[in-house]
Number of protein chains: 2
Amino acid sequence: MKPIKFNIEHKLLGTLGRAGTITTPNGTIQTPAFVTVGTKATVKALTTEQVRDLGAQVVLANTYHLYLEPGDEIVRDAGGFAKFMNWSGPTMTDSGGFQVFSLGAAFGTKVGKLAKVGEVIVGEEIDKGDQAGKLAKIDEDGVTFKSYRDGSEHRFTPERSMEIQHNLGADMIFAFDECTSPAAPYEYQREAMDRTHRWAKRSLDAHKANKEASAKQGLLGVVQGGRHRELREESARVLGAMDFDGYGIGGSFDKDDMYAAVGWVNAILPEDKPRHLLGIGEPVDLFGAVENGCDLFDCVAPTRTGRNGTLHTNDGKINLLNARFVRDFTPVDAECDCYTCKNYTRAYLAHLFRSDEMLAATLASIHNLRFLVALVEKMRESIIDGSFNTLKTSFIARYYKK
Amino acid sequence: MKPIKFNIEHKLLGTLGRAGTITTPNGTIQTPAFVTVGTKATVKALTTEQVRDLGAQVVLANTYHLYLEPGDEIVRDAGGFAKFMNWSGPTMTDSGGFQVFSLGAAFGTKVGKLAKVGEVIVGEEIDKGDQAGKLAKIDEDGVTFKSYRDGSEHRFTPERSMEIQHNLGADMIFAFDECTSPAAPYEYQREAMDRTHRWAKRSLDAHKANKEASAKQGLLGVVQGGRHRELREESARVLGAMDFDGYGIGGSFDKDDMYAAVGWVNAILPEDKPRHLLGIGEPVDLFGAVENGCDLFDCVAPTRTGRNGTLHTNDGKINLLNARFVRDFTPVDAECDCYTCKNYTRAYLAHLFRSDEMLAATLASIHNLRFLVALVEKMRESIIDGSFNTLKTSFIARYYKK
């Protein structure tokens, strides 16, 4: 009996898009769905009630961070990271592989996953990594790295990533992979992809060997291959033939090619398994990913940019530190149904940001997460009722003013 | 028609203690009650729902801080600080007079209100003041001071304090006063007290002159007089004869004399008006203040120390950064009914503190505030059922292990 089931309910005519339901041991996820990131077993600045109330269906924590602090054995003894953080719904953990990338070959090159070459669009991990220098070394067996916290040396292998993720106890976990830079040459992309495929097989074997864990945790393989169609399609074929419960699609892409690249991959991956595009949070990218067949997405951007005062509205992003908001007694977005918009004004949030009050981060994070969760909810509804293209056109015209 | 009514329901036999109800235009307060501090129109790290859910009945904001940021006229235009911060219950603002003290004569002397000489037990304002130097100058008419934020010069007088507090719009506001250092000589204490009495009269006149404000905001006079019984009793007589809606009792005391000094004052103040002891948050002090006739108390300590990892339990304070809590999967206090204790473990909070996660501040503040709010609720019940002394003896024996 598989721990993860996926049922497709509607397809978006003429595209790869679909609406479905993922069933996990801890509840269901209506897809497409925006996954909330709780890096260190906390969605930054929010209680789990606030996370639930904004409509989040699933929380993804980071294996690398929880391994270092408080340690995966403490999380195991607490009953897994969901219980540790008081979250009662579905959960995911990533593989730790992104840290291989951010602390390793790409460190200091100012490129991140899903970036135009030379433009950084990455998670918070890299900010921390600044202290560490090039501290990760990849070999066939795994990766050796130094902690961003204290410089101590650690080693991840596919088997170790599985062991840690078994201890963390999420419903859906990821095979250990290497996330390359879009700037890396073709030869390196191929070498890294082939290694990721061998690591995927070892991850799957290690996962199945732990019968207790594999009975209640689903394993997702991670498609790599950089910007190259040939490699992406090969990765989708090789991994698609393995017995995974779903798939992650890892960076790196050239951002302009992303929708096409996701489409190449999803045309090959088994249709009846969920697909998670890792690290996507810009509205236009969510539309592109959904119509190209992705079901799940996660990103730290809504909370991270929210903490800096940048908030989504249907008319585009605004920064609340701008002087024009000091006396603006309207909600952040009058059309938004979030707690922040129902109860507080732009002027109040502007005051909180100018005063360095922690509540600013809480209210901004609630709004930005709700905005993206609700946007993907609307995409789901529009797939079901056939109005996806209308939604996409009208949203993008208004949000991006084009 | 007075905006503030106070009804005494029970008296604690053989003491000055009483249980009652304060009625304000925005709701009632069952007394004695611990007042939650929302310095800048935010109880730090908490939404107003969280403040309400922990049982807080009333929020006190600081006039000095809101005057500087965002400015009292913006708060007025927002509908007052309660509406600005989305709080629907009773509210208070202080007079700004404590900042006269903390930025003025006492600056750098390492004494605060309610301190043993040489020991600092003060609010956060003084921490900020460190940047400013001795920046307040008192004259008969008022006080000139420089902003801790940008060094700009400002002036408070009794009339200006009233005007600002009218703009902030709290249900209960305070007459402008000077809070002296307990280390100040007798002659200065008398001089400052006499001036505070003249300022009290001017505050009262300015308040009554604004008929719209005085119809919906009650004004509390602030008793001063330092450590001297003669001055304290004189201050209580002089102010007690004025037409205030209640009284604040301001620092400074020698901490050892506090209970006695509060008793001297409350034996003289009109019995039928509420009394607020400013800046008290240590459990033993709350017992002492209640049995000596105080009805309200406020303090930043529960949230400030909470943010540093120090939490109240019935067995005394604990600091969650201590290594022994890393694997402690029990609640902060198993007897506590707060959101934090019902849903999270010491190990999880220890992880959040060690990871510098903002949720640590939120969960610790909820717990510490609930602990004090609930403790004062129990005092109220024990006044009503006659068990106050039993509660006091058993609580103190366990909390302070003596």
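Me: What makes a residue buried, exposed or partly exposed?
Reply: A residue is buried if 20 or more other C-beta atoms lie within 10 Å of its own, exposed if 12 or fewer, and partly exposed in between, with C-beta atoms placed from the backbone. This is a predicted model, where local features need pLDDT of at least 70, side-chain atom pairs count only at pLDDT 80 or more, and totals for chains, interfaces and linings use all residues. Residues are numbered from 1 along each chain as its sequence is written, while chains are lettered from A and ligands numbered from 1 in the order in which they are written.

Me: Why is Ala360(B) called buried?
Reply: Ala360(B) has 24 C-beta neighbours inside 10 Å, so it counts as buried. Ala360(B) sits in helix H16 of chain B (helices are DSSP runs of H or I, at least four residues, numbered from the N terminus).

Me: What does Ala360(B) contact, leaving aside neighbours within four places in sequence?
Reply: Leu349(B), Leu352(B) and Phe353(B). Contact is set by C-beta atoms, placed from the backbone, that lie within 7 Å.

Me: Why are H15(A) and H16(A) called oblique?
Reply: Helix H15 (residues 346-354) and helix H16 (residues 358-385) of chain A pack at about 135 degrees, with axes 7 Å apart. Axes are lines fitted to C-alpha atoms, over the stretch in contact, and angles run from 0 to 180 degrees between N-to-C directions. Under 35 degrees is roughly parallel, over 145 roughly antiparallel, 65 to 115 roughly perpendicular, and the rest oblique. H15(A) and H16(A) are therefore oblique to each other.

Me: Which residues make the contact of H15(A) with H16(A)?
Reply: H15(A) gives Leu349(A), Leu352(A) and Phe353(A), and H16(A) gives Leu359(A), Ala360(A), Leu363(A) and Ala364(A). They divide into seven nonpolar, no polar and no charged. Here Ala, Val, Leu, Ile, Met, Phe, Trp, Tyr, Cys and Pro count as nonpolar, Asp, Glu, Lys and Arg as charged, and the others, Gly among them, as polar.

Me: What makes H12(A) roughly antiparallel to H17(A)?
Reply: Helix H12 (residues 283-291) and helix H17 (residues 388-399) of chain A pack at about 165 degrees, with axes 10 Å apart. That angle makes H12(A) roughly antiparallel to H17(A). The residues in contact include Phe287(A) of H12(A) and Phe395(A) of H17(A). The contact divides into seven nonpolar, no polar and two charged residues.

Me: How many residues of chain B are in contact with chain A?
Reply: 31 residues of chain B are in contact with 31 residues of chain A. H15(B) supplies the largest share of the chain B side, five residues. That side divides into 16 nonpolar, eight polar and seven charged.

How values were computed
Helices (H or I, at least four residues) and strands (E, at least two) are DSSP runs, numbered from the N terminus. Two residues are in contact if their C-beta atoms, placed from the backbone, lie within 7 Å.
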